[in-house]
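My entries follow in the order in which I made them.

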Amino acid sequence: MAYKPSTIAIHNGLNEDQQFGCVVPPIYLSSTYNFTDFNQPRVHDYSRRGNPGRDIVQKTLAQLEGGSGAVMTNSGMSALHLLCTVFLQPGDLLVAPHDCYGGSYRLFNSQSQRGAYQVQFVDQSDESALQKALDKKPKLVLIETPSNPLLRIFDIQHIAHLAHEAGALVVVDNTFLSPILQQPLSLGADFVVHSCTKYLNGHSDIVAGVVIAKDEKWAIELAWWANNIGVTGGAFDSYLLLRGIRTLSPRILQQQRNTQEIVKYLKSQTLVKKLYYPELEDHPGHQIALKQQKGFGAMLSFEFAGDELQLRRFLSALSLFTLAESLGGVETLISHTATMTHAGMSAEARAQAGITDSLLRISVGIEDPQDLITDLEQAFQVAAQR
């Protein structure tokens, strides 16, 4: 597999300032804009509806994913909520992965319980179970690939084909890979969502999301509703997100190289019971990843082979790995899935999804890979002490 960045020429607002010739577009902090005359608004009238900086980053994100338009939201969760608000009504069915991100599971489950729409969580690798869910004629099908946290890989093109035959629209959560490594719209998806908090921004200093639509009419409707329910992104976050996108390709490629080195190391560790990374040839989704991805990304998970006391000692001994939620930043993070990112799922739901209490997830940063491996080595030694 060739690990090459996207060759898309990114529209990122550089050298577009006509007033002062600013190379980097400024931050437009104004909340409101004057009218030129009675009933004569400008392109922007109020920043919840539109902001010049947000316009630039939305155009950039749409171009990166090959979409017709994008709506930047104030979080990844609000991006999903926006899609569900626009395309689902009471009684409509959403089909979602049974092992999706815990926050997504919590949103869909709670909204279903209050009657906003129905949700069915399905193991999308089970062809029979997936088809039974599609036979119920869902309005929306969510694909999360690679999945969070077990990095399951799903065939976007195949599932999108089946979903479209059932009359459903298809949305892919592309947060784990970014458009540099995977472009779901080219594989048949109708929408792509990202938590921009993660790889797109890459510096763990904003919370934002985006919905990117293949069809312009959907992009227009999403923008209207985003303004209507007030989930659009802010001016300063737009500026920081655009700045982060400019370094997306070198960041994610370095993170991916680091991840491959760490995976090689973890394969030989006695306290690693099972390793989840799509590059491994014994990974169930390896062949699909080769087909639809341009790389394997910088997320990995593993089952810790010790008891809870050893697990606690291991995590406490790490110094370069930060015990924290989230992912995709320049720093390396490690999280205990059951008590952190997926704590919003019931124990029964986690068990059904294959998420154990010994599962650890790592988001690999851009540090020197040998430093990270050395840190892991000393932490494993501490954990192994009796």
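I began with H98, which counts as buried at 8% relative accessibility, where buried means under 20% relative accessible area, exposed over 50% and partly exposed in between, with a 1.4 Å probe and protein chains only. This is a predicted model, in which local features need pLDDT of at least 70 and side-chain atom pairs count only at pLDDT 80 or more, while totals for chains, interfaces and linings use all residues. Residues are numbered from 1 along each chain as its sequence is written, and side-chain values use heavy atoms, with hydrogens and water left out.

I placed H98 in the loop between strand 2 (93-97) and helix 3 (102-113); helices (H or I, at least four residues) and strands (E, at least two) are DSSP runs numbered from the N terminus. Leaving aside neighbours within four places in sequence, I found H98 in contact with F121, V122, D123, R152, M345, Q352 and A353, contact meaning heavy atoms within 4.5 Å.

Next I turned to the domains, whose bounds come from an automatic or database domain assignment. The chain is divided into domain 1 (5-243) and domain 2 (249-384), and their C-alpha centres lie 26 Å apart. To the contact, domain 1 gives 38 residues and domain 2 gives 42 residues.

Which residues touch the most other members of the largest nonpolar core? I noted L61, V141 and L241, out of 60 residues; such a core is a set of buried Ala, Val, Leu, Ile, Met, Phe, Trp, Tyr and Cys residues joined through side-chain atoms within 4.5 Å. This core lies between domain 1 and domain 2, because both give residues to it. A second, separate core of 30 residues includes L266, A289, F302 and F380.

I then checked T259 in helix 8 (residues 248-266), and T259 is buried, with a relative accessible area of 0%. Not counting residues up to four places away in sequence, T259 touches Y277, G297, A298, L300 and V364.

Last, I looked at helix 10 (residues 308-317) and helix 12 (residues 369-384), whose axes come within 8 Å and cross at roughly 145 degrees; axes are lines fitted to C-alpha atoms, for helices over the stretch in contact, and angles run from 0 to 180 degrees between N-to-C directions. From helix 10, Q310, R313, F314 and A317 meet residues of helix 12, including D375, L376 and F380.
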